[in-house]
Amino acid sequence: MKKLPCCFEMSKIKDKSLAPAGRLKIEWAESRMPVLMSLRAIHAEKKSLHGVKIAGCLHVTKETAVLVETFKEAGAQVAWSGCNPLSTQDDVAAALDANGVEIYAWRSLSPEEYYWCIEETLKIKPDYTLDDGGDLIFTVHTKHTEYLSGLKGGTEETTTGIHRIRAMAREGKLRYPLIAVNDAETKSDFDNVYGTGQSAIDGVIRATNVLFSGKNVVISGYGHCGRGLSSRARGLGANVIVTEVDPIKALRARMDGFEVVTMEDAAATGDVFITATGCKDVITKNHFSRMKDGAILANAGHFNVEVSAADLERLSTRKREVRPDNMEYTLPSGKHLYLLAEGRLVNLAAAEGHPSEVMDMSFANQFLSILRLVNESNRMKPDVYEIPRSQDEEVARLKLQSMGIKIDALTPEQSKYLSGWEEGT
Ligand SMILES: NC(=O)c1ccc[n+]([C@@H]2O[C@H](COP(=O)([O-])OP(=O)(O)OC[C@H]3O[C@@H](n4cnc5c(N)ncnc54)[C@H](O)[C@@H]3O)[C@@H](O)[C@H]2O)c1
(Lines give C-alpha, C1' and ligand atoms only; values in the text may rest on other atoms or scores of the structure.)
Protein backbone atom coordinates (compact mmCIF):
# COMPACT_ATOMS: atom_id res chain seq x y z
CA MET A 1 0.00 0.00 0.00
CA LYS A 2 1.23 3.50 -0.80
CA LYS A 3 2.17 5.45 2.32
CA LEU A 4 -0.73 7.56 3.51
CA PRO A 5 -0.34 11.35 3.65
CA CYS A 6 1.40 12.34 6.88
CA CYS A 7 -1.46 14.52 8.12
CA PHE A 8 -3.63 11.43 8.28
CA GLU A 9 -1.09 9.17 9.95
CA MET A 10 -2.01 10.13 13.49
CA SER A 11 -5.56 11.07 12.75
CA LYS A 12 -8.54 9.07 11.69
CA ILE A 13 -10.65 12.05 10.65
CA LYS A 14 -10.13 15.36 8.86
CA ASP A 15 -10.51 17.96 11.62
CA LYS A 16 -11.39 17.45 15.28
CA SER A 17 -12.45 21.10 15.67
CA LEU A 18 -15.54 20.42 13.54
CA ALA A 19 -17.07 18.32 16.32
CA PRO A 20 -19.52 20.95 17.69
CA ALA A 21 -21.00 21.55 14.21
CA GLY A 22 -21.31 17.79 13.72
CA ARG A 23 -23.00 17.38 17.09
CA LEU A 24 -25.65 19.95 16.12
CA LYS A 25 -26.36 17.99 12.94
CA ILE A 26 -26.63 14.73 14.87
CA GLU A 27 -29.05 16.27 17.35
CA TRP A 28 -31.17 17.49 14.43
CA ALA A 29 -31.26 13.97 12.99
CA GLU A 30 -32.13 12.48 16.39
CA SER A 31 -35.17 14.75 16.56
CA ARG A 32 -36.44 13.23 13.30
CA MET A 33 -35.64 9.56 13.94
CA PRO A 34 -38.23 8.54 16.54
CA VAL A 35 -38.23 4.81 15.74
CA LEU A 36 -34.50 4.38 16.13
CA MET A 37 -34.49 6.63 19.20
CA SER A 38 -37.21 4.51 20.83
CA LEU A 39 -35.05 1.42 20.22
CA ARG A 40 -32.12 3.32 21.74
CA ALA A 41 -34.10 4.08 24.88
CA ILE A 42 -35.00 0.39 25.35
CA HIS A 43 -31.63 -1.14 24.55
CA ALA A 44 -29.46 1.48 26.26
CA GLU A 45 -31.23 0.55 29.47
CA LYS A 46 -30.84 -3.19 28.90
CA LYS A 47 -27.33 -2.90 27.43
CA SER A 48 -28.45 -5.51 24.92
CA LEU A 49 -25.23 -5.29 22.92
CA HIS A 50 -22.84 -5.43 25.88
CA GLY A 51 -19.52 -6.94 24.75
CA VAL A 52 -20.49 -6.99 21.07
CA LYS A 53 -17.97 -5.66 18.53
CA ILE A 54 -19.24 -4.18 15.27
CA ALA A 55 -17.20 -2.99 12.28
CA GLY A 56 -19.31 -0.72 10.11
CA CYS A 57 -18.76 0.63 6.60
CA LEU A 58 -21.54 3.05 5.77
CA HIS A 59 -21.75 6.71 4.68
CA VAL A 60 -20.74 8.92 7.60
CA THR A 61 -23.79 11.17 7.78
CA LYS A 62 -25.73 12.57 10.71
CA GLU A 63 -28.25 9.71 10.41
CA THR A 64 -25.49 7.09 10.47
CA ALA A 65 -24.15 8.81 13.57
CA VAL A 66 -27.51 8.26 15.27
CA LEU A 67 -27.25 4.55 14.45
CA VAL A 68 -23.62 4.31 15.61
CA GLU A 69 -24.40 6.05 18.90
CA THR A 70 -27.41 3.77 19.39
CA PHE A 71 -25.11 0.76 19.09
CA LYS A 72 -22.71 2.38 21.50
CA GLU A 73 -25.38 3.20 24.06
CA ALA A 74 -26.65 -0.38 23.83
CA GLY A 75 -23.18 -1.45 24.96
CA ALA A 76 -21.43 -2.30 21.68
CA GLN A 77 -17.86 -1.44 20.72
CA VAL A 78 -17.94 0.10 17.26
CA ALA A 79 -15.30 0.90 14.64
CA TRP A 80 -16.53 2.77 11.56
CA SER A 81 -15.49 3.78 8.06
CA GLY A 82 -17.38 5.47 5.23
CA CYS A 83 -18.53 3.41 2.24
CA ASN A 84 -17.81 6.02 -0.41
CA PRO A 85 -14.76 8.26 -0.91
CA LEU A 86 -16.88 11.42 -1.24
CA SER A 87 -19.76 10.90 1.18
CA THR A 88 -18.22 11.52 4.61
CA GLN A 89 -19.45 14.60 6.43
CA ASP A 90 -16.28 15.66 8.22
CA ASP A 91 -18.09 17.49 11.01
CA VAL A 92 -20.16 14.39 11.80
CA ALA A 93 -17.03 12.24 11.77
CA ALA A 94 -15.43 14.69 14.24
CA ALA A 95 -18.46 14.58 16.54
CA LEU A 96 -18.37 10.76 16.58
CA ASP A 97 -14.67 10.82 17.30
CA ALA A 98 -15.25 13.29 20.15
CA ASN A 99 -17.81 10.87 21.57
CA GLY A 100 -15.23 8.10 21.69
CA VAL A 101 -16.23 6.24 18.54
CA GLU A 102 -13.35 4.69 16.64
CA ILE A 103 -13.80 6.20 13.21
CA TYR A 104 -11.66 6.22 10.08
CA ALA A 105 -13.31 8.53 7.58
CA TRP A 106 -12.83 11.83 5.80
CA ARG A 107 -14.18 13.31 2.60
CA SER A 108 -12.18 12.86 -0.63
CA LEU A 109 -10.39 9.61 0.08
CA SER A 110 -8.14 8.03 -2.51
CA PRO A 111 -8.98 4.38 -3.26
CA GLU A 112 -5.96 3.35 -1.15
CA GLU A 113 -7.07 5.47 1.79
CA TYR A 114 -10.60 4.15 1.39
CA TYR A 115 -9.49 0.53 1.87
CA TRP A 116 -7.02 1.54 4.57
CA CYS A 117 -9.94 2.94 6.60
CA ILE A 118 -11.88 -0.31 6.19
CA GLU A 119 -8.86 -2.34 7.23
CA GLU A 120 -8.35 -0.21 10.35
CA THR A 121 -11.91 -0.96 11.51
CA LEU A 122 -11.22 -4.69 11.26
CA LYS A 123 -8.50 -4.38 13.89
CA ILE A 124 -11.18 -4.46 16.62
CA LYS A 125 -11.70 -8.12 15.57
CA PRO A 126 -15.41 -7.65 14.97
CA ASP A 127 -18.16 -10.13 15.80
CA TYR A 128 -20.42 -8.50 13.21
CA THR A 129 -20.01 -6.41 10.07
CA LEU A 130 -22.44 -3.76 8.89
CA ASP A 131 -21.93 -2.89 5.26
CA ASP A 132 -23.33 -0.63 2.54
CA GLY A 133 -22.22 -1.84 -0.87
CA GLY A 134 -20.24 -4.91 0.22
CA ASP A 135 -16.68 -3.52 0.31
CA LEU A 136 -16.16 -4.49 3.97
CA ILE A 137 -17.59 -7.97 3.38
CA PHE A 138 -15.41 -8.26 0.27
CA THR A 139 -12.31 -7.17 2.23
CA VAL A 140 -12.74 -9.85 4.93
CA HIS A 141 -13.45 -12.52 2.34
CA THR A 142 -10.37 -11.71 0.26
CA LYS A 143 -7.53 -9.68 1.77
CA HIS A 144 -8.25 -10.17 5.48
CA THR A 145 -9.53 -13.71 5.85
CA GLU A 146 -7.81 -13.88 9.27
CA TYR A 147 -10.89 -12.12 10.72
CA LEU A 148 -13.41 -14.60 9.28
CA SER A 149 -13.18 -17.10 12.13
CA GLY A 150 -14.33 -14.46 14.62
CA LEU A 151 -17.21 -13.20 12.50
CA LYS A 152 -20.66 -14.38 13.53
CA GLY A 153 -22.76 -12.40 11.08
CA GLY A 154 -23.39 -9.18 9.26
CA THR A 155 -25.88 -6.97 7.49
CA GLU A 156 -26.02 -5.29 4.08
CA GLU A 157 -27.72 -1.97 3.46
CA THR A 158 -28.05 -1.47 -0.30
CA THR A 159 -29.21 -3.11 -3.53
CA THR A 160 -25.73 -3.31 -5.07
CA GLY A 161 -24.33 -4.94 -1.91
CA ILE A 162 -27.21 -7.44 -1.97
CA HIS A 163 -26.33 -8.35 -5.59
CA ARG A 164 -22.74 -8.96 -4.51
CA ILE A 165 -23.53 -11.09 -1.43
CA ARG A 166 -26.13 -13.15 -3.29
CA ALA A 167 -23.51 -13.82 -5.97
CA MET A 168 -21.07 -14.89 -3.24
CA ALA A 169 -23.71 -17.19 -1.71
CA ARG A 170 -24.50 -18.69 -5.14
CA GLU A 171 -20.83 -19.48 -5.68
CA GLY A 172 -20.47 -20.94 -2.17
CA LYS A 173 -18.03 -18.17 -1.19
CA LEU A 174 -19.94 -16.68 1.72
CA ARG A 175 -18.35 -17.53 5.08
CA TYR A 176 -20.83 -16.07 7.58
CA PRO A 177 -24.57 -15.27 7.64
CA LEU A 178 -25.70 -11.92 6.27
CA ILE A 179 -29.05 -10.19 6.62
CA ALA A 180 -30.35 -8.37 3.54
CA VAL A 181 -31.54 -5.20 5.27
CA ASN A 182 -32.09 -3.50 1.90
CA ASP A 183 -34.80 -5.98 1.02
CA ALA A 184 -37.04 -5.12 3.98
CA GLU A 185 -40.13 -3.38 2.63
CA THR A 186 -39.70 -0.65 5.23
CA LYS A 187 -36.23 -0.06 3.76
CA SER A 188 -36.22 -0.33 -0.03
CA ASP A 189 -39.80 0.83 -0.58
CA PHE A 190 -39.13 4.01 1.39
CA ASP A 191 -35.40 4.83 1.65
CA ASN A 192 -34.61 3.99 -2.00
CA VAL A 193 -37.85 5.48 -3.33
CA TYR A 194 -38.50 8.64 -1.29
CA GLY A 195 -35.00 9.05 0.13
CA THR A 196 -33.02 8.76 -3.09
CA GLY A 197 -35.89 10.32 -5.05
CA GLN A 198 -35.66 13.55 -3.07
CA SER A 199 -32.00 13.71 -2.09
CA ALA A 200 -30.49 12.90 -5.50
CA ILE A 201 -32.48 15.76 -7.01
CA ASP A 202 -31.35 17.89 -4.07
CA GLY A 203 -27.76 16.96 -4.99
CA VAL A 204 -28.23 17.92 -8.65
CA ILE A 205 -29.78 21.22 -7.61
CA ARG A 206 -27.04 22.05 -5.08
CA ALA A 207 -24.34 21.34 -7.68
CA THR A 208 -26.04 23.26 -10.50
CA ASN A 209 -29.00 25.31 -9.25
CA VAL A 210 -30.74 24.55 -12.55
CA LEU A 211 -34.50 24.79 -12.94
CA PHE A 212 -36.05 21.35 -13.39
CA SER A 213 -39.27 22.79 -14.76
CA GLY A 214 -39.31 22.57 -18.55
CA LYS A 215 -36.24 20.29 -18.73
CA ASN A 216 -36.00 16.83 -20.28
CA VAL A 217 -34.80 14.74 -17.34
CA VAL A 218 -33.61 11.25 -18.22
CA ILE A 219 -33.80 8.66 -15.45
CA SER A 220 -31.97 5.38 -16.10
CA GLY A 221 -33.47 2.46 -14.21
CA TYR A 222 -37.07 2.35 -13.09
CA GLY A 223 -36.50 0.29 -9.96
CA HIS A 224 -36.93 1.62 -6.44
CA CYS A 225 -34.65 4.65 -6.79
CA GLY A 226 -35.67 5.36 -10.39
CA ARG A 227 -39.37 5.42 -9.48
CA GLY A 228 -38.74 7.92 -6.72
CA LEU A 229 -36.53 10.07 -8.92
CA SER A 230 -39.01 10.08 -11.80
CA SER A 231 -41.98 11.12 -9.71
CA ARG A 232 -39.99 13.84 -7.89
CA ALA A 233 -38.59 15.22 -11.16
CA ARG A 234 -42.09 15.27 -12.64
CA GLY A 235 -43.30 17.06 -9.50
CA LEU A 236 -40.78 19.82 -10.25
CA GLY A 237 -42.21 20.26 -13.74
CA ALA A 238 -39.71 18.24 -15.76
CA ASN A 239 -40.55 16.09 -18.76
CA VAL A 240 -39.29 12.73 -17.51
CA ILE A 241 -37.83 10.15 -19.89
CA VAL A 242 -37.00 6.67 -18.58
CA THR A 243 -34.50 4.11 -19.90
CA GLU A 244 -34.70 0.47 -18.77
CA VAL A 245 -33.54 -3.03 -19.65
CA ASP A 246 -36.33 -4.92 -17.83
CA PRO A 247 -39.51 -5.09 -19.95
CA ILE A 248 -41.82 -5.14 -16.91
CA LYS A 249 -40.18 -2.12 -15.30
CA ALA A 250 -40.22 -0.33 -18.67
CA LEU A 251 -43.92 -1.05 -19.05
CA ARG A 252 -44.60 0.19 -15.54
CA ALA A 253 -42.75 3.43 -16.30
CA ARG A 254 -44.85 3.92 -19.44
CA MET A 255 -48.09 3.19 -17.60
CA ASP A 256 -47.03 5.61 -14.88
CA GLY A 257 -47.02 8.22 -17.64
CA PHE A 258 -43.33 8.52 -18.51
CA GLU A 259 -41.75 8.39 -21.93
CA VAL A 260 -39.63 5.22 -22.32
CA VAL A 261 -36.82 5.18 -24.90
CA THR A 262 -33.36 3.69 -25.37
CA MET A 263 -30.38 5.57 -23.97
CA GLU A 264 -29.22 6.18 -27.51
CA ASP A 265 -32.41 8.12 -28.22
CA ALA A 266 -32.54 9.77 -24.80
CA ALA A 267 -28.96 10.99 -25.22
CA ALA A 268 -29.95 13.43 -27.94
CA THR A 269 -32.84 15.04 -26.04
CA GLY A 270 -31.90 14.97 -22.34
CA ASP A 271 -30.96 18.10 -20.41
CA VAL A 272 -30.28 16.27 -17.13
CA PHE A 273 -29.37 12.57 -16.83
CA ILE A 274 -29.56 10.66 -13.54
CA THR A 275 -28.60 6.98 -13.44
CA ALA A 276 -29.94 4.64 -10.74
CA THR A 277 -29.40 1.15 -12.10
CA GLY A 278 -26.66 -0.56 -10.06
CA CYS A 279 -25.25 -1.51 -13.50
CA LYS A 280 -22.13 -0.28 -15.29
CA ASP A 281 -21.55 1.64 -18.54
CA VAL A 282 -25.10 2.97 -18.74
CA ILE A 283 -23.90 6.24 -20.30
CA THR A 284 -20.72 5.96 -22.39
CA LYS A 285 -18.84 7.65 -25.22
CA ASN A 286 -21.41 7.08 -27.98
CA HIS A 287 -24.04 8.72 -25.80
CA PHE A 288 -21.78 11.67 -24.90
CA SER A 289 -21.22 12.49 -28.54
CA ARG A 290 -24.97 12.65 -29.19
CA MET A 291 -25.72 14.91 -26.22
CA LYS A 292 -26.79 18.54 -26.31
CA ASP A 293 -24.40 21.29 -25.28
CA GLY A 294 -24.82 21.90 -21.55
CA ALA A 295 -26.17 18.45 -20.64
CA ILE A 296 -25.79 17.55 -16.95
CA LEU A 297 -24.79 14.03 -15.85
CA ALA A 298 -25.33 12.58 -12.40
CA ASN A 299 -25.44 9.16 -10.78
CA ALA A 300 -27.49 7.93 -7.83
CA GLY A 301 -26.42 4.27 -8.05
CA HIS A 302 -23.96 2.86 -5.54
CA PHE A 303 -20.73 2.85 -7.55
CA ASN A 304 -19.24 5.42 -9.93
CA VAL A 305 -19.47 3.06 -12.89
CA GLU A 306 -22.84 4.05 -14.36
CA VAL A 307 -21.69 7.20 -16.17
CA SER A 308 -18.31 6.49 -17.76
CA ALA A 309 -16.11 9.26 -16.40
CA ALA A 310 -13.16 7.53 -18.09
CA ASP A 311 -14.80 7.96 -21.52
CA LEU A 312 -15.55 11.57 -20.75
CA GLU A 313 -11.91 12.15 -19.78
CA ARG A 314 -10.72 10.50 -23.01
CA LEU A 315 -13.16 12.41 -25.22
CA SER A 316 -12.64 15.87 -23.77
CA THR A 317 -10.01 18.44 -24.60
CA ARG A 318 -10.38 20.42 -21.39
CA LYS A 319 -11.95 20.12 -17.95
CA ARG A 320 -12.49 22.59 -15.15
CA GLU A 321 -14.51 22.66 -11.94
CA VAL A 322 -17.17 25.32 -12.45
CA ARG A 323 -18.90 24.87 -9.10
CA PRO A 324 -18.37 22.49 -6.17
CA ASP A 325 -19.14 18.93 -7.34
CA ASN A 326 -19.63 20.12 -10.91
CA MET A 327 -16.94 19.40 -13.52
CA GLU A 328 -17.23 20.92 -16.99
CA TYR A 329 -15.83 18.79 -19.84
CA THR A 330 -15.22 20.39 -23.23
CA LEU A 331 -15.46 18.08 -26.22
CA PRO A 332 -13.50 18.71 -29.48
CA SER A 333 -16.69 20.12 -31.05
CA GLY A 334 -16.72 22.82 -28.38
CA LYS A 335 -19.71 21.25 -26.65
CA HIS A 336 -19.74 21.27 -22.83
CA LEU A 337 -20.96 18.40 -20.64
CA TYR A 338 -21.19 18.64 -16.85
CA LEU A 339 -20.42 15.65 -14.62
CA LEU A 340 -21.56 16.00 -11.02
CA ALA A 341 -19.65 14.58 -8.04
CA GLU A 342 -17.27 12.58 -10.28
CA GLY A 343 -20.19 10.30 -11.13
CA ARG A 344 -20.42 9.15 -7.50
CA LEU A 345 -23.68 9.04 -5.51
CA VAL A 346 -24.86 12.59 -6.16
CA ASN A 347 -27.19 12.70 -3.16
CA LEU A 348 -24.37 11.95 -0.71
CA ALA A 349 -21.49 13.70 -2.45
CA ALA A 350 -23.26 16.92 -3.47
CA ALA A 351 -26.00 16.98 -0.81
CA GLU A 352 -26.51 15.39 2.62
CA GLY A 353 -27.87 11.98 1.68
CA HIS A 354 -31.33 10.77 2.55
CA PRO A 355 -33.44 12.77 4.96
CA SER A 356 -33.46 11.54 8.56
CA GLU A 357 -37.13 10.57 8.52
CA VAL A 358 -36.57 7.80 6.02
CA MET A 359 -33.24 6.62 7.44
CA ASP A 360 -35.13 6.19 10.70
CA MET A 361 -36.75 3.07 9.25
CA SER A 362 -33.66 1.76 7.44
CA PHE A 363 -31.52 2.08 10.54
CA ALA A 364 -34.18 0.66 12.85
CA ASN A 365 -33.97 -2.39 10.56
CA GLN A 366 -30.17 -2.36 10.84
CA PHE A 367 -30.30 -2.19 14.63
CA LEU A 368 -32.92 -4.94 14.90
CA SER A 369 -30.95 -7.12 12.47
CA ILE A 370 -27.76 -6.87 14.54
CA LEU A 371 -29.84 -7.76 17.63
CA ARG A 372 -31.25 -10.75 15.77
CA LEU A 373 -27.76 -11.89 14.80
CA VAL A 374 -26.61 -11.58 18.41
CA ASN A 375 -29.43 -13.87 19.47
CA GLU A 376 -29.62 -16.25 16.52
CA SER A 377 -26.41 -16.28 14.49
CA ASN A 378 -25.19 -19.48 16.17
CA ARG A 379 -28.13 -21.21 14.42
CA MET A 380 -27.61 -19.46 11.06
CA LYS A 381 -25.46 -20.97 8.28
CA PRO A 382 -23.44 -18.76 5.93
CA ASP A 383 -26.18 -17.52 3.62
CA VAL A 384 -28.26 -14.43 2.84
CA TYR A 385 -31.28 -13.98 5.14
CA GLU A 386 -34.38 -11.86 4.69
CA ILE A 387 -35.85 -9.53 7.32
CA PRO A 388 -38.80 -11.31 8.99
CA ARG A 389 -42.22 -9.92 8.10
CA SER A 390 -42.88 -9.30 11.80
CA GLN A 391 -39.88 -6.93 11.97
CA ASP A 392 -40.98 -5.05 8.86
CA GLU A 393 -44.48 -4.62 10.30
CA GLU A 394 -43.12 -3.55 13.69
CA VAL A 395 -40.95 -0.85 12.12
CA ALA A 396 -43.93 0.42 10.07
CA ARG A 397 -46.18 0.34 13.14
CA LEU A 398 -43.69 2.36 15.21
CA LYS A 399 -43.23 4.83 12.36
CA LEU A 400 -46.98 5.34 11.98
CA GLN A 401 -47.29 5.76 15.74
CA SER A 402 -44.61 8.46 15.70
CA MET A 403 -46.56 10.24 12.95
CA GLY A 404 -49.76 10.10 15.00
CA ILE A 405 -51.47 7.86 12.44
CA LYS A 406 -53.90 5.16 13.49
CA ILE A 407 -55.02 2.36 11.19
CA ASP A 408 -57.88 -0.11 11.30
CA ALA A 409 -57.51 -3.66 12.60
CA LEU A 410 -59.12 -6.73 11.10
CA THR A 411 -62.12 -8.09 13.02
CA PRO A 412 -61.97 -11.84 13.77
CA GLU A 413 -64.62 -12.33 11.05
CA GLN A 414 -62.53 -10.42 8.51
CA SER A 415 -59.41 -12.45 9.39
CA LYS A 416 -61.38 -15.67 8.98
CA TYR A 417 -62.78 -14.46 5.64
CA LEU A 418 -59.35 -13.49 4.31
CA SER A 419 -57.81 -16.83 5.25
CA GLY A 420 -60.76 -18.98 4.15
CA TRP A 421 -62.06 -20.24 0.81
CA GLU A 422 -65.70 -21.15 1.46
CA GLU A 423 -67.34 -17.72 1.03
CA GLY A 424 -67.90 -16.60 -2.59
CA THR A 425 -70.72 -15.16 -4.69
N1 LIG B 1 -28.06 7.07 -3.74
C2 LIG B 1 -28.44 6.38 -2.70
O3 LIG B 1 -28.45 6.85 -1.57
C4 LIG B 1 -28.95 5.00 -2.91
C5 LIG B 1 -29.95 4.48 -2.08
C6 LIG B 1 -30.43 3.21 -2.35
C7 LIG B 1 -29.90 2.47 -3.40
N8 LIG B 1 -28.88 3.00 -4.13
C9 LIG B 1 -28.27 2.28 -5.25
O10 LIG B 1 -29.01 2.61 -6.42
C11 LIG B 1 -28.93 1.54 -7.37
C12 LIG B 1 -30.34 1.10 -7.73
O13 LIG B 1 -31.00 0.61 -6.58
P14 LIG B 1 -32.55 0.18 -6.63
O15 LIG B 1 -32.90 -0.22 -5.25
O16 LIG B 1 -33.34 1.19 -7.34
O17 LIG B 1 -32.41 -1.15 -7.53
P18 LIG B 1 -33.57 -1.86 -8.35
O19 LIG B 1 -33.05 -3.23 -8.64
O20 LIG B 1 -34.86 -1.72 -7.66
O21 LIG B 1 -33.64 -1.03 -9.73
C22 LIG B 1 -32.61 -0.97 -10.66
C23 LIG B 1 -33.27 -0.88 -12.04
O24 LIG B 1 -32.28 -0.57 -13.01
C25 LIG B 1 -32.56 -1.33 -14.18
N26 LIG B 1 -31.34 -1.47 -14.94
C27 LIG B 1 -30.29 -2.31 -14.75
N28 LIG B 1 -29.36 -2.12 -15.67
C29 LIG B 1 -29.80 -1.13 -16.49
C30 LIG B 1 -29.27 -0.49 -17.63
N31 LIG B 1 -28.08 -0.84 -18.13
N32 LIG B 1 -29.99 0.49 -18.23
C33 LIG B 1 -31.22 0.84 -17.74
N34 LIG B 1 -31.78 0.25 -16.64
C35 LIG B 1 -31.07 -0.71 -16.03
C36 LIG B 1 -33.09 -2.66 -13.64
O37 LIG B 1 -33.84 -3.35 -14.63
C38 LIG B 1 -33.93 -2.19 -12.45
O39 LIG B 1 -35.27 -1.96 -12.82
C40 LIG B 1 -28.10 0.47 -6.66
O41 LIG B 1 -26.76 0.63 -7.01
C42 LIG B 1 -28.28 0.78 -5.20
O43 LIG B 1 -27.28 0.23 -4.39
C44 LIG B 1 -28.42 4.24 -3.94
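Predicted model: local features only at pLDDT ≥ 70, side-chain atom pairs only at ≥ 80, totals over all residues.
Local features here need pLDDT of at least 70 and side-chain atom pairs count only at pLDDT 80 or more, while totals for chains, interfaces and linings use all residues. Residues are numbered from 1 along each chain as its sequence is written, and side-chain values use heavy atoms, with hydrogens and water left out.

Me: How many aromatic pairs are there?
Reply: Rings of Phe, Tyr and Trp (its six-membered ring) pair if their centres lie within 6.5 Å; planes under 30 degrees apart are stacked, over 60 edge-to-face, and the rest tilted. Going by that rule, the count of aromatic pairs is six.

Me: Which kind of pair do Tyr 104 and Trp 116 form?
Reply: Their ring centres are 6.0 Å apart and the planes sit at 85°. Planes over 60 degrees apart get one particular label. So Tyr 104 and Trp 116 are edge-to-face.

Me: How far apart in sequence are the parts that this pair ties together?
Reply: Helices (H or I, at least four residues) and strands (E, at least two) are DSSP runs, numbered from the N terminus. Tyr 104 is in strand S3 (residues 102–104) and Trp 116 is in helix H6 (residues 111–122), so the parts being tied together are apart in sequence by twelve residues.

Me: Is Tyr 115 buried, partly exposed or exposed?
Reply: Buried means under 20% relative accessible area, exposed means over 50%, and partly exposed is in between (1.4 Å probe, protein chains only). Its ring partner Tyr 114, at an edge-to-face 90° and 5.0 Å between centres, is buried at 5%. Tyr 115 comes in at 30%, so the label is partly exposed.

Me: Which residue has its charged end over the ring of Tyr 104?
Reply: A charge sits over a ring if NZ of Lys or CZ of Arg is within 6 Å of the ring centre and within 35 degrees of the ring normal. Tyr 104 belongs to one aromatic cluster with Trp 106 and Trp 116. The charged end over the Tyr 104 ring, 5.8 Å from its centre, is that of Lys 12.

Me: What distance separates the charged end of Arg 32 from the centre of the Trp 28 ring?
Reply: Arg 32 has its charged end sitting over that ring of Trp 28. The distance to the ring centre is 3.9 Å.

Me: How much of the ligand's area does the protein bury?
Reply: Polar side-chain atoms come up to ligand oxygens at 2.7 Å for Thr 159, 2.6 Å for Thr 160 and 3.1 Å for His 354. Accessible areas come from the Shrake-Rupley method with a 1.4 Å probe; for residues, only the protein chains shown count as cover. On its own the ligand exposes 860 Å², and the protein's share of burial is 88%.

Me: What separation do the C-alpha atoms of Glu 259 and Ile 241 have?
Reply: Glu 259 is in strand S9 (residues 259–260) and is partly exposed at 37%. Contact means heavy atoms within 4.5 Å, and Glu 259 touches Ile 241 among others. The two residues are 18 apart along the chain, yet their C-alpha atoms are separated by 4.8 Å.

Me: Is Arg 372 buried or exposed?
Reply: Arg 372 sits in helix H16 (residues 356–376). Its contacts beyond four places in sequence include Ile 179, Tyr 385 and Glu 386. With a relative accessible area of 16%, Arg 372 is buried.

Technical notes
Polar contact = N/O pair within 3.5 Å; in protein donor to acceptor, adjacent residues only side chain to side chain.
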